[in-house]
Every structure is written in structure tokens, then in C-alpha cells.
Amino acid sequence: MSRKPVVALVGRPNVGKSTLFNRLTKSRDAIVADYPGLTRDRQYGTGKVGKYPYIVVDTGGLSGEEAGVNPLMEQQVIAALEEADVILFLVDGQAGLTPADEQIAAMLRQKFAHKPIYVLVNKAEGRDPDVVKAEFYQLGLGEPLVISAEHGDHVREAIDYILEIVAPKADEDEAPEPDDDSGIRVAVVGRPNVGKSTLINRMIGEERVVAYDMPGTTRDSIRVPFERDGVKYTLIDTAGVRRRKKVYDKIEKFSVIKAIEAMDQAHVVVLVIDGSEGITDQDQTLLGHALESGRGLIIAINKWDNLDPDQRRQVKADLDLKLQFADFAPRHFISALHGTGVGNLFDMIRQVYKAATTRVSTSELNRVLQQALLEHQPPMVSGRRIKMRYAHLGGINPPTVVIHGNMVDRVPQHYTRYLTNVFRKAFGWEGTPVKIEYRVTD
Ligand code: GDP
Ligand code: GDP
């Protein structure tokens, strides 16, 4: 349950931030490739190119002009940098050092001196690193690292080098906690005002709260362990219900990072949507992150009490349209305010947890695979038939099926979807994404 370091990319436009972002989040493509129609969040992502997993944020461009030219943009970038554990300042090795780079460096030195900052000199493919980086020492931010985001040169080394220093520190922030004692970990996420706090209060009920930890920083979610009907749960509260009561009544800023972290640490995610507002872009963004997390997923459509039958029909149609790529996730209509449907939510959480974490045997897995192959054989590619030999369970939460065979690196998406559905049905993997990985064994 340790926290992943948050890596923020900053720099002027066109230095290669989004190219680097894509490279750093590429390992996740495999999971989300199965969801056509899902718009990826191009600002926040998770990934692992080397030894350490991380969360990466593209802060967008900073013009580097005099402060005040574009205050709103600058504010947003600064807010994103404040959430970071480490800042990667990208510059363009082909363009060389520019006044805008110097402005940004000055801002970073002034505002973020307490955070680790690294200068990454990009677009350096095919050039002598010592020559490329020489002029960037002037930025006063230490030794520049030389990479090519587009070609991938030295990206992995640079990230490993940086996280080697930063990652253990991010771990220490977390109080050691025996994993086995937290029961079913449930992340309650959603955009502001959808009713997360109301729902959490309904779910825990004062008397059931055993204890809770108060995190040191506002970025951390609060964990609330409790028991219900003899089952242990830990709610991961991104709304800050407990803190709000204890300290002062302040509406907290919505943080995508907080939501990503909460989902990362959970077994099951409850994504709360405000039914009376329909499905917004921000809901879809969060859904995308929930899918990336690979966790069990329940979509709770709240404030159902507020809607007449006509509006309810409309919302349901909207859900079918906009959330079709998450059709494995049960939809649950609730009123957190009145408590309607909240009891059933617990049944659903237990079912989804079980589906997401139950191990199936290798022989069962292979029996189902062979049957699926018989019913629909894999397609031909380049005149040869893809051959799947055997499967093993690669992991749980999400259930991951590893299939070995010839040319399995070329299985088309529709066939993977077919297999996913077969496994889902056979093993009752409802409410959880199912991941299929292929290993070529020619
Ligand atoms: P951003 O505005 O900082 O996000 O920059 P982009 O990632 O959009 O990249 C700007 C341009 O630089 C694009 O045309 C990229 O293809 C190009 N680019 C990015 N990384 C490299 C690199 O490592 N080498 C070269 N030669 N071009 C790159
Ligand atoms: P959060 O920001 O997601 O934690 O949202 P809150 O729990 O603070 O709720 C935002 C507002 O929605 C409050 O005024 C709640 O009383 C209201 N609310 C929450 N759940 C419901 C519900 O089920 N029905 C109705 N009508 N209002 C609700």
C-alpha cells in the first residue's frame, strides 16, 4: 500500500513534455486498449518504465514570460507542481537554452527550492551528451540529464536514477500498516459535490468507526477502518469527511492525484456520480483512471431521490451511451442523503471484492481456454493461424490471464475481447476488469 511518487513534467511549449508523458505511461496502454471509446486523460497517468512505479503529471506549457501575462495558466501549473514529489524540468537540446527556460528556472528555484528538481535535456538523440548539456548548467538546478523522449534514449536510466533518490522517501511518509488487517479496502471517489461525504457517513455510521489516522498532508486520503456484519472494511476517503469535522469546514480542492492514489490502494472503487447532473467529462476522466487502476469497480449513481421517472430514464440512457466501455461495472442507484440503496452497496462491494481477488486453478483456466478456442478459433495473420497453447493465472485484482502460444503478440483486439468475456462468464469475474497478457513461445 505504499504511495507512488508523483512526478511532474514542466517546461515551455514544444520541448517534448507530452511525448515524454506518453512514453512514461505506455506500459498502461495494454490495460486500457480493451476499452474502445475511452478518452485517455492526457494530463495524469501512471506507469513504470524501470524499477519504480510512479504517477506522472504533464503540467502543460509554461510560457516563461513575465509573471502575470497568463496568470491563470501559471496558477494551474503551480498547483500541479505543489502536488509533486519531484519536478522534471524539460528543455530542448536542439533549440538550446532560451530566455523562457531561464524564467521558468528562476520561478522553480524561488517557489520549489524544497523539492527535488531535475533538468532533462530532450531531443538529444545522436548527439554528444556532454556537449548538449553544457549550457544548461547555467539554470542553476544541478547536473542536467540528457534524453530523447521520442526515441526513448536514456529515459529509463534517467527515471531510475531520479526515483532511486525520491521513491524511498515517498514510502516513508506512510505509516507501516499490516495489509491483512485492513479488510476490504474501498476507495470512494468522485468529483466535488456528488455526495461522497454524505455516502461515507452513511456507510460507516458513527458507532462502527474503530479508529482513523490523520494524515500529515492535505494530499493524502483518510483511511477509516470499520466493521459491518462481521466483515472488515477500510474506506479510503478522498472527500476528507473526518478532517472537515475535526479541523475546519473547508471545501477541499479536487485532486485527480488523490483519486488516483486512493484507487491504487483499494481493492474496490466506488465511483460516485451525481445523477441529477448527468455524466460529465470529469466523471469520465475518473472512470478512465479507475479502469487504469485495474481495481474492482462499482458505479454509484447518487441523488436518485432528486429525479422523476422521466429523468431517471434519461440518466440511464446517458449511462449506456457514455459508460459503455465499463459495462462490466455494476451500476447502483442510491440516495446517500436518505440511505436508500446503501445497504445493498455493501453486498455489491463484497461480491466485487470476491470476484476480483479469487484465484482460479490452472487446470480450470485451461479447460475454459480450450473450450473457447474450440468454439471460435483464433484468426489467421499473414497466412498462419495464431496458436494458443496454455494459460496460467498471472495475478488477481485485476484477474490476469497469461496465455502462451505462437504469434500471440498479434492477436487482434476483438479476439481478446471475446476471450475476456468467456473468462468473465466462466469464473464470475463480474465488476472487475479482466486483463489478458500474451507470451510468445515459438
Ligand atoms: P510539449 O508541448 O512540451 O508537450 O511537446 P511535444 O511532446 O508536443 O513535442 C513537441 C515536438 O517535439 C513534437 O513535434 C515532437 O515530435 C518533438 N519531440 C519530442 N521529443 C523529441 C525528441 O526526443 N527528439 C526530437 N527530435 N523531437 C522530439
Ligand atoms: P462531496 O463533495 O462529494 O463529499 O459531496 P457532499 O457529500 O458534501 O454532498 C454535496 C451536496 O449534495 C450536499 O448538499 C448534500 O446534502 C447533497 N447530497 C448528497 N447526497 C445526496 C442525495 O442522495 N440526494 C440529494 N438530494 N442530495 C444529496
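Helices (H or I, at least four residues) and strands (E, at least two) are DSSP runs, numbered from the N terminus. The model is predicted, with local features needing pLDDT of at least 70 and side-chain atom pairs counting only at pLDDT 80 or more, while totals for chains, interfaces and linings use all residues. Residues are numbered from 1 along each chain as its sequence is written, and chains are lettered from A and ligands numbered from 1 in the order in which they are written.

**Exercise 1.** Find which helix gives the most residues to the shell around ligand 1.

Solution. A residue is near a molecule if its C-beta atom, placed from the backbone, lies within 6 Å of it. Of the 16 residues around ligand 1, those that come nearest are G16, K17, S18, T19 and E150. The helix that gives the most to this shell is α1 (residues 17-24), with 3 residues.

**Exercise 2.** Decide whether D130 counts as buried or exposed.

Solution. Begin with the place of D130, which is in helix α5 (residues 129-133). A residue is buried if 20 or more other C-beta atoms, placed from the backbone, lie within 10 Å of its own, exposed if 12 or fewer, and partly exposed in between. D130 has 8 C-beta neighbours inside 10 Å and therefore counts as exposed.
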